[in-house]
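Here are a few exercises on side-chain packing and pairing, each with a worked solution. Have your viewer ready and try each task before reading on.

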Amino acid sequence: MADRECGILYLVATPIGNLADFSFRAVEILQSVDFIAAEDTRHSRPLLDRYDIAKPLIALHEHNEDAASGRLVDRLQAGESAALISDAGTPLINDPGYPLVRLARSRGVSVVPVPGPCALIAALSASGLPSDRFAFEGFPPRTASARRKLLENLSGDTRTLVFYESSHRVLDFVSDIAAVLPAERPVVIARELTKLHESFLNTTAGEAVALMQADSNSQRGEFVVVIQGAPAVPAEDALGEEPLRILKLLLEECSLKTAVSLCARITGARKELIYRTALAFKEGGAD
Ligand code: SAM
């Protein structure tokens, strides 16, 4: 292999529950590479066996990826080709691989995506909530205070918000959503996607907790929580002419945070409204 040119690193998505969601291309590539870097080799072996993929497996997980990435990229540069897989879904989406991809690219190794299942995209696309603009927030913080602060910061965001959550914390997270966001805000809780007990709970920030408590099964499994964004406020209608003029001036001179705070003090208008209007300006949504 020494005479070969630099190899290729393939990022291969694997099923998130339903094994039939493995693409033909994913299987072909995994059968063709020299080795496979897997988040958990014991977890991936049965899946690979099922598809007659008998390639050497190397562990690449969050505890060794900084150190192991260098050795893997050395092998790619020596001409071997490799695939990265995670336990489920798309590598790097809340899964290991970022140091490897960054290093491979910085050393001129081609990185080729082999797209497929991804829980956030599956949940968002089927949620019935706006999917044209969204923010993926990964797992919420572990403490209630940090979760609530995050939700407060996101409360004016007009994009659909997407979170991953585990069965241990999903009820706590939904309680925080109820505590921070307006009761009528639409929320969809997608559970066990592509699996036998797949379900979508279409609810609101105010009603989600009671609905989940009423059905203990609804707290089992893996979750994606999708929250509709804040209603877009037509800036001119909401703020009024003078506060709007002041906000525009301030945004030219200061950071968004300072502009919002000063505008609230000068005009007496509601901070949340000013914040949303300022965000709309920054994102080019208002003029
Ligand atoms: N890389 C994966 C992807 O592409 O979706 C995500 C990995 S992340 C460590 C695992 C989390 O993704 C779970 O805790 C859950 O929030 C979400 N997830 C993964 N599979 C899921 C499924 N079948 N149904 C619902 N959520 C799922």
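**Exercise 1. Which residues do ring pairs link into a cluster with Phe-136?**

Solution. Step 1: the cluster consists of Phe-136, Phe-139 and Tyr-164, linked by ring pairs. The model is a predicted one, in which local features need pLDDT of at least 70 and side-chain atom pairs count only at pLDDT 80 or more, while totals for chains, interfaces and linings use all residues. Residues are numbered from 1 along each chain as its sequence is written, and side-chain values use heavy atoms, with hydrogens and water left out.

Step 1: apply the ring rule. Rings of Phe, Tyr and Trp (its six-membered ring) pair if their centres lie within 6.5 Å; planes under 30 degrees apart are stacked, over 60 edge-to-face, and the rest tilted. The count comes to 4 aromatic pairs. One of them is Phe-136 with Tyr-164, edge-to-face at 4.9 Å centre to centre and 70° between the planes. This pair links distant parts of the chain, 28 residues apart: Phe-136 belongs to strand 6 (residues 134–136) and Tyr-164 to strand 7 (residues 160–165). Helices (H or I, at least four residues) and strands (E, at least two) are DSSP runs, numbered from the N terminus.

Step 2: turn to the other Phe. Phe-139 and Tyr-164 have ring centres 5.8 Å apart and planes at 65°, so this pair is edge-to-face. Phe-139 lies in the loop between strand 6 and helix 6 (144–154), 25 residues from Tyr-164.

Step 3: check accessibility, where buried means under 20% relative accessible area, exposed over 50%, and partly exposed in between (1.4 Å probe, protein chains only). Tyr-164 is buried at 9%, while Phe-136 at 28% and Phe-139 at 45% are partly exposed.

**Exercise 2. Which residues have the most contacts inside the largest nonpolar core?**

Solution. Step 1: collect buried Ala, Val, Leu, Ile, Met, Phe, Trp, Tyr and Cys residues joined through side-chain atoms within 4.5 Å; such a set is a nonpolar core. The largest has 21 residues, and Phe-163, Ile-177, Val-225 and Ile-227 have the most contacts inside it.

Step 1: assign the elements. Those giving two or more residues include helix 6, strand 7 and strand 10 (223–227), and helix 7 gives the most, with 5 residues.

Step 2: inspect Ile-227. Beyond its neighbours within four places in sequence, its contacts (heavy atoms within 4.5 Å) include Leu-129, Leu-151, Phe-163 and Ile-177.

Step 3: look elsewhere. Apart from this core lies another, of 18 residues, among them Val-12, Phe-22, Leu-47 and Leu-57.
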